[in-house]
Amino acid sequence: MKIGAPKESFAGENRVAMTPDSALQLKKLGHECCIESGAGARAGFSDAAYAAAGVEVLPDAAAVFAAADVVVKVRGPDAAEAGLLRSGQTLISFFWPAQNPELLEQVRAQGATVIAMDMVPRISRAQKMDALSSMANIAGYRAVIEAGNNFGRFFTGQVTAAGKVPPARVLVVGAGVAGLAAIGTSVSLGAIVHAYDVRPEVAEQIESMGANFVFLEFEPTQDGAATGGYAAPSSPEFREKQLAKFRELAPEMDIVITTALIPGRPAPKLWTADMVGLMKPGSVIVDLAAERGGNCDLTVPDQKIVTDNGVTIVGYTDFPSRMASQASTLYSTNIRHMLTDLTPKKDGVIHHNMEDDVIRGATVAHQGAITYPPPPPKVQAIAAAKPKAKVKEPTPEERRAQEAAAFKAQTRSQVAMLAGGGALILLAGLFAPASFMSHFIVFVLSCFVGFQVIWNVSHSLHTPLMAVTNAISSIIILGALMQIGTGNLLVVFLAAASVFMAGINIFGGFMVTRRMLAMFQKS
């Protein structure tokens, strides 16, 4: 099959769906590649670089649509580009089928197959194809850079000879991929970061990145796993609690970055005009939801405005396009992974398996039929780890009762063992000669004392294996010491040799253990 990438027709779009590196990987799958001349120029990829990678450079988009079996794009096609699609041809791009029903009907009527990269299900196996997350990661990073460009101070606090500079206070609303990227970037720049999300289970993620989680006293909302890994609408009562919390935070924040989006719906209004009025002059709001109407009441899509009280509101909708080279590299990798799944035998033949969760979920038109919306994936969507239930600490009274019960149980077991051992020794004494009993009692005492002395040493000082061998060596030493006082010279010599060799074993064991433990200690 031939994979073709035309130049993006959307005004201001700098990304490209195929890079020279991704083209080389597609050739390993058995495909051929072609691209419109100049398609990668705004992302930093020249026609010469494509030609060096074995990509055929064609003069215009019409030539690409005519030559390619699979057309890859970033933005969805306009009506003119959709008219160039033919029956049996495949288009892979962002498409937004819920927002473009007329375009979806047009491609269906032409018999084309459309794979919408914005419809890739959020299951573990599809992470490598999750273009929304790839672009959101860039958008979150770039949002902080844009905020810093419009903010009149340092992010980090400084104490200089010229005076003290307080650190910037940043609030990130939404801890999805974009929000986490914004949190990480803000923390790395030295700001004091607060983050909020409707899912309380992401608090651990936020705090692990060095930010403070803004907790809202309310019943937990629906888990994102139940909605395909995306956010769900909140109740009116929950919304009022949110707005009240944001009004409380607004006067303290220098920078606010909003990232809240709900698939198929306008962006929820989370930062109202009165909250903007409460912010300090020079503060900055970066609205990553501007393309869907914005999370802020005053956001103007594709523009930067300054309010009457001196707050800058950035409503750009092209954050990934402002980092075109990086965004194109990540997006083309997502496309390449999708084509890898579509080419299971790596023989250059596309096999559109509608039984595959990922392919079926992303396909919105196929063989003259509209296949949107897809059925729920068989595999559960990626969900945040549930917080571990906190173990209730026992009260002092409960702790004393537990210790007393443990002491009584241990005492009973020891008394039972001593009684049983004494009974066995008495039984042996009824039948065994006196000479045997003296040696037998020495052996039993050696075992008992050796066990008590060596086995009870903390394992932080030696390994369990060394504890066993040292216990055995201690038995030998105690038995030998008991025999040294006898009058037989041979017995004295053997006992002394036993003490010497068993001592080497014990002290050598401790030395080896010490060296082993030292391997796991920082110098």
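## Cysteines

The sulfur of C34 lies 7.7 Å from the closest cysteine sulfur, the one in C33, so the pair is too far apart for a bond. A disulfide here is a pair of cysteine sulfur atoms within 2.5 Å, and a search of the whole structure turns up zero of them. C34 sits at 0% relative accessibility and therefore counts as buried; C296, also at 0%, counts as buried too. (Buried means under 20% relative accessible area, exposed over 50% and partly exposed in between, with a 1.4 Å probe and protein chains only.)

A word on the model: it's a predicted one, where local features need pLDDT of at least 70, side-chain atom pairs count only at pLDDT 80 or more, and totals for chains, interfaces and linings use all residues. Residues are numbered from 1 along each chain as its sequence is written, and side-chain values use heavy atoms, with hydrogens and water left out.

## The eight-stranded sheet

Eight strands make an open sheet in the order β3-β2-β1-β4-β5-β6-β16-β17, with mixed pairing. Its edge strands are β3 (56-58) and β17 (369-370), each pairing on one side only. Helices (H or I, at least four residues) and strands (E, at least two) are DSSP runs numbered from the N terminus, and two strands pair if DSSP finds at least two bridges between them.

Strand β2 (residues 32-36) runs parallel to β3 over three bridges, with I35 partnered by V57 in β3. Helix α11 (residues 324-342) packs on this sheet, touching β1 (2-5), β4 (70-72), β5 (90-93) and β6 (113-116), and its direction makes about 140° with that of β5. Contact means heavy atoms within 4.5 Å; axes are lines fitted to C-alpha atoms, for helices over the stretch in contact, and angles run from 0 to 180 degrees between N-to-C directions.

## Around β13

Strand β13 (residues 284-287) is covered on both faces: V284 and V286 on one side, and I285 and D287 on the other, are all buried. Four bridges tie β13 in parallel to β12 (residues 255-258), and three bridges tie β13, again parallel, to β15 (residues 312-314).

## α6 against α7

Helix α6 (residues 131-150) packs on helix α7 (residues 177-188) at about 35°, with the axes 7 Å apart. On the α6 side, S133, A136, N137, G140, Y141 and V144 meet V177, A178, A181, A182, T185 and S186 of α7.
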